[in-house]
Amino acid sequence: MMARDEKLKERWEILVQKLSNQFAEGEDLDLDGIIYLIGVQELGQLHRRFKKDEKLDLMHIAICRLLEPYGYYEFDYYDDDGWPHYKVKEQLPNLKAGEQSILMKEAIVSYFLVSQYIE
């Protein structure tokens, strides 16, 4: 378990660095910032500004997409505006804040490993 945590920590730091340099002029992105970026990427409408309520929707899209491989969500359909919709397959277990953040970091690292953004 320890080795896996170390690897995750290492990859997470590399990822934050790389994304921050690319998207935040070197300011460190936090977990929410990265989740938001993934939402924008999944929506595919990269060159527009989003309203505040849309930003929450984007984060929701990202969380669904990130947790899909874990069996919690399943892609359902794209609506007329091109927004993906997911259905809940299984309720998330009640996780403590720390555990939740580890699950999200793990899911985010996998997402970027699959897309070969990091290795």
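Two residues count as being in contact here when they have heavy atoms within 4.5 Å of each other. Keep that in mind as we walk through this predicted model. Take the contacts in the protein with a separation of 6 or more: residues 24 or more positions apart account for 49% of them.

What's the chain built from? There are four helices and two strands, and starting at the N terminus they come in the order α-α-α-β-β-α. The C-alpha trace spans about 45 × 35 × 25 Å along its principal axes. A compact globule of 119 residues would have a radius of gyration near 14 Å, so the 15 Å of this protein agrees with that picture.

Now for the inside. Of the 119 residues, 34% count as buried. In soluble globular proteins, nonpolar side chains tend to be buried together. Here, the largest nonpolar core has 28 residues, and L15, L19, I34, I38, L66, I108 and F112 are the ones that touch the most other members. The elements giving two or more residues to this core are α1 (2-23), α2 (31-43), α3 (52-67) and α4 (97-114), with α4 giving the most, at seven residues.

The accessible surface comes to about 8,200 Å², and carbon and sulfur atoms own 50% of that. As for charge, the protein has 15 positive and 23 negative charges, and their mean positions are 2 Å apart.

Definitions and conventions. Residues are numbered from 1 along each chain as its sequence is written. This is a predicted model: local features need pLDDT of at least 70, side-chain atom pairs count only at pLDDT 80 or more; totals for chains, interfaces and linings use all residues. Side-chain values use heavy atoms; hydrogens and water are left out. The radius of gyration is taken over C-alpha atoms; the globule rule is 2.2 Å times the number of residues to the power 0.38. Buried means under 20% relative accessible area, exposed over 50%, partly exposed in between (1.4 Å probe, protein chains only). Accessible areas come from the Shrake-Rupley method with a 1.4 Å probe; for residues, only the protein chains shown count as cover. Lys and Arg count as positive and Asp and Glu as negative; His and the chain ends are not counted. The place of a charge is taken as NZ of Lys, CZ of Arg, CG of Asp or CD of Glu. A nonpolar core is a set of buried Ala, Val, Leu, Ile, Met, Phe, Trp, Tyr and Cys residues joined through side-chain atoms within 4.5 Å.
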